[in-house]
Amino acid sequence: MSASLFIASGLDWRLLLQQGVALLMPEVLLTAFACFVLVLESTVKAEQRRWSAYASLGGIAASAVSLVQMYVQFKDTRVTGFYEMYVIDPFALAFKGIFLLTAGMAVVLSIQFLDVEHEQRGEYYALILFATTGMMFMASGADLLSIFISFELSAVAVYVLVAYFKADRKSNEASMKYFLLGVFASGLFLYGISLIYGLTGETNLSRIAAALATTQDIQSFGFLAFFGMALIACGLFFKVAAAPFHMWCPDAYEGAPSAVTAFMSVGAKAAAFAIFVRIFAAGLGALRGAPTEGGMGWAVLVAVVAALTMTWGNLAALTQSNAKRLMAYSSISHAGFLLLGLVAGNATGYQGMIVYLLVYVFMNLGAWGVLIALRRGKIAGDQVDSFNGLMRTHPVMAVMMTVFMLSLAGIPPTAGFIGKYLLFAGLIETGERWWTILAVVAVLNTVISLYYYARFIKAMFTAEATEREPLAASRGMRAALIVATIMVGIIGIYPAPFLKYARVAASGLSSAVSSPLVTIK
Amino acid sequence: MSEQLLAQYHILSVITWLPLAGALILILFFRSEQKSAIRAFANFWIVLGFLPSLLLLGYDRTRGGIQFIEDVDWIPQIGARYQLGVDGITVILTLLTTLIGILAVQCSWSAIQERVKEYYAVILLLQTGIIGVFVSMDMFLFYVFWEVMLVPMYFLIGVWGSDNRLYAAIKFFLYTLLGSVVMLLAILKLYFIFPEYLYGSPNSAQVLESVTRAAHLISGGNEKTLEMIQQAIALGASGQPTFNIMAMQALGTARLGLEPVIPLNLQIWLFAGFFLSFAIKVPMFPFHTWLPDAHTEAPTAGSVILAGVLLKLGTYGFVRFNLPIFPDASSDTRVVQVMVGLSIIGIIYGALVAMAQKDWKRLVAYSSVSHMGMIMLGIFVLNPNGLNGAILQMVNHGISTGALFLIVGVVYERRHTRLISDYGGLSHVMPGFAAVFLIMTMSSIGLPMLNGFIGEFLILRGVFEANRIWAALSATGIVLGAAYMLWLYQRTMFGSVTHEKNQSLRDLSAREWLYFVPLLVLAFWIGIYPKPFLSYFDKPVATIVQQVRPGYGQGRRAEQHAGVESAPRVVEAASLPADPKEME
């Protein structure tokens, strides 16, 4: 009876279940652990609440193991499931790895931070896991609808996380701003989807690409296609905090609990970039356009926004005295850099984005980690001056922070240089004059950015220490920071394996439309 | 030991990484309180690092080309390799670096009392960066070293400098970074056009043939060098990218018929990209404004390394990259005029500003602007005499200006002031010091029998050959140089002791003599018998001239006989011996 019902509704539940086991295991595990953490929270005593953190770390580890297993199983092939709404390819796997890494680091950085703030509660970790689940779905989205839903799944969890300090007005204000603008962005995004759907009759990315490339009618509706693309782009620009849609970012980053900012500045941003690339490279490739041929398209749009974002972010960062705000503007300018990969639109560019985001996990979370450790006792520790004299009081921390700062500025032999190198290389490889000019704008921006990153170094090495209280850095946190530092060094000095995988992921992406689809049976 | 054997023992890697190893040992195994142990270790280690670099003198001058080659895969995805190698020019410059390193470490013994451990670690790190730049044969590796070097220098100025150190440090960092990131784009462009021309273009077969011929010329008949270049060319010919510097030179030198493979327009753009980086480093007028601040605020060791070695990286860059990779841009009349114009302005402007300085160290700093302008002039007259002189003058400037900064350091350590007006009559209280200062002053203004004379003479000879007006203008720089240096000497050393505190100054200590003596010896040696030094440059310089002005020797002869302006620009497989021997 039931079987006939399912067939009548057009869904093969057994197939879906099979696919779920084969393709969704990391996400399923993460969700299960998140639910478990919620239950655990209500059963343990107040002083045992750290167990929630450990349980969520366990969930992340389990999910990572299953991700590795999936990598071994599928290697470099592309597999779709759930009526082609969901895809597993090297690009998705790479991003899922980045999200799990971010979540793991964020949890480790949060444990002591929440103790200091007397806010140690299980739902915090559950929300991080839910947000991560949403991001992982985003990386695999092959359909505008599945992308939108997973996008909201992660966004809602992050809205709540930003407001996690209930009693803190700034935290509430930040969340409200982030929420309102985020919802607005989602609206734009959805409107864009509806236009594209109306034009092509499809929500699936590869079929949209095919429709845009072949249908003659679309030529006559060129304006609508462009408008829909621009709306989707604007929604995504909001999400990655690209100028002029970045206004929420400094307030949200400053107001949110530092550990949450660390998580969202890396995880949420990487996820938004994942779908950005997926939608524009795989779905809307036909609307790319090229400046020399006089064709307007998203390449020019993204290029202008990228140049604006880098410059605006950097110039605004120059004058900040609040370290969290400074890092917010720095992250805005990094979003500008990342957009360069999309402008280049070649394998080198996408490879650069993937490598850059991986590197960004370590260098940015590392920097935020040090910032979090500065919050101790009664000391707010959120100013650039809070770093004063750190070299004398905590030399290891100071050296690690220096490495992160140099990496953020893109000075070799740190990993940040490799990321920037690839993005610039992608632009130069196109041979287009306009993209070369964009590359010049970008390199000049790295020079500007060095100035404010050097302010941290200056404070740590040359100023006298104002606070003598030891940093709030647990052993786990120190370990995480050391790992981040070592990774920044390793990717900087021997990037070969990372470049190799990123290359596979990137080239799979640009040829995704033409490559034969393997569907699990 | 033979060159092959030394290359087998990775001599260049040893020289490059030894200082870094020392820095790590310092950081890991010494406690900050063990100041004397740290000092002793750093002094020992920097000398230890100098010794293997002496082995580079085993460079085979008759074979020429790039020697002591090391080649390991590094980042295959982008074609970057760990390729090291030196030619005659870099042998001498590497030796200069390791030698100046010793002096810098020695002169810090009592001057640095704060954060001693970090200080020596930073200096050792800096050494690795500088040596790495000289020995890299891969542009990516070169670029990494080029930027790595900025970080320790930033700390050196910013942490151990004098009052205005933070401003000077960040100015130095931003300025030089600005140049290098633009250079990165130029490097990337070269990197992408290399396989494009050799593989992707319709006439890639002819290009390949021409590039191979150019490779023969560049290798100067050294098979190992040729092998290295041809490996890189083979990569390009199969569509794979490479960063090999020598292969880029081959591409730049190659031509199809009379036209260069890289079109002149593109060459000029790329030239400009490299130019910005190197011109800031040299520094050429008008990019020199970071230099007086950095030199003045840096601790003595920092100034010595800056003046002695770091500035040479800029001129080295012109000799290694701009000239041979973009020969047509380099010999383009407009470019030459701009380069020569900026050089001559630098010579005269630097000298005039130096004359007006009240600060002893700032005066020496501005004299560097003037001297480096002279070196740039020697490079861009594009003849063997000019280039030989320029390269020798790089060494000379390292010796004499390095010594002058050490000299300022000596008095600064005793009096803690750099104002010239605070001194006077020091020759009465510090006769030994006055003698050293006198010799180094003479060396700096180019007195015969001392090193500066040989370099400036060669440069001026080259300039005279190219254009007499340029020669006349640059000679005024020498006159002005004599003026400000002698006036400085007069104001500080002669007369009666005007300041009470100067009455009781100690003369040079044994430790201070220790670091002046090698410089004095070198100053006289190069001044009296420069041939051993010049013999290292001859072949590489001849090759560079062949690349930039093909048929230079013939051209002149043809000019004399038939009044033809220059021979047709065709690269011949056999390298022609040019005429740099005339000097000897």
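Reader: Which residue forms a salt bridge with E254(A), and how far apart are the closest N and O atoms?

Author: Start with the general idea. Side chains of opposite charge can pair when their charged atoms come close. A salt bridge here is a side-chain nitrogen of Lys or Arg within 4 Å of a carboxyl oxygen of Asp or Glu. The partner of E254(A) is R325(A), and their closest N and O atoms are 2.6 Å apart. This pair links distant parts of the chain: helix α15 of chain A holds R325(A), helix α12 of chain A holds E254(A), and 71 residues separate them. Helices (H or I, at least four residues) and strands (E, at least two) are DSSP runs, numbered from the N terminus.

Reader: What should I know about the model before I go on?

Author: This is a predicted model: local features need pLDDT of at least 70, side-chain atom pairs count only at pLDDT 80 or more, while totals for chains, interfaces and linings use all residues. Residues are numbered from 1 along each chain as its sequence is written, chains are lettered from A and ligands numbered from 1 in the order in which they are written, and side-chain values use heavy atoms, with hydrogens and water left out.

Reader: Are R325(A) and E254(A) buried or exposed?

Author: Accessible area decides. Buried means under 20% relative accessible area, exposed over 50%, and partly exposed in between (1.4 Å probe, protein chains only). Both R325(A) and E254(A) are buried. For R325(A) the value is 19%.

Reader: Where does the salt bridge between R325(A) and D251(A) sit?

Author: R325(A) and D251(A) also meet through their side chains, at 3.1 Å from N to O. R325(A) is in helix α15 (residues 323–344) and D251(A) in helix α12 (residues 248–255), so this pair ties together parts that lie 74 residues apart in sequence. D251(A) is partly exposed, at 22%.

Reader: How many salt bridges are there between chain B and chain A?

Author: Over all chains the structure holds 27 salt bridges. Between chain B and chain A the count is one. R392(A) forms a salt bridge with E114(B), with 3.4 Å between the closest N and O atoms. The pair crosses from helix α17 (residues 390–393) of chain A to the loop between α4 (88–106) and α5 (116–135) of chain B. Both ends are partly exposed: R392(A) at 41%, E114(B) at 49%. Elsewhere, salt bridges with shared partners join K170(A), E173(A), K177(A), D251(A), E254(A) and R325(A) into one network.

Reader: How many residues are in contact between chain B and chain A?

Author: Contact means heavy atoms within 4.5 Å. By that rule 33 residues of chain B touch 36 residues of chain A. Buried area is the accessible area (1.4 Å probe) that two parts lose on being put together, summed over both. Here it is about 3100 Å², and carbon and sulfur atoms give 79% of it.

Reader: What volume has the largest pocket, and how much space lies in the largest cavity?

Author: Work on a 1 Å grid over the protein atoms alone. A cavity is a set of points where a 1.4 Å probe fits but cannot get out; a pocket is an open set with protein on both sides within 12 Å along at least five of seven lines; lining residues have an atom within 4 Å of a point. Points are joined across faces, edges and corners, and a volume is the space filled by probe spheres set on the points. The largest pocket has about 1700 Å³. Its lining has 44 residues, and V399(A), V403(A), L24(B), I27(B) and L125(B) are the closest to its centre. Cavities of 30 Å³ or more number eight. The largest cavity has about 130 Å³. Among its 14 lining residues, S154(A), Y178(A), K239(A), A268(A) and K269(A) are the closest to the centre.

Reader: How do the linings divide by class?

Author: Ala, Val, Leu, Ile, Met, Phe, Trp, Tyr, Cys and Pro count as nonpolar, Asp, Glu, Lys and Arg as charged, and the others, Gly among them, as polar. The lining of the largest pocket has 34 nonpolar, seven polar and three charged residues. For the largest cavity, the lining has 11 nonpolar, one polar and two charged. There α13(A) gives the most, with five residues.

Reader: Which residues does a cis peptide bond join?

Author: Look at omega. P412(A) and P413(A) are joined by a cis peptide bond with omega about 5°. V282(B) and P283(B) are joined by another, with omega about -10°.
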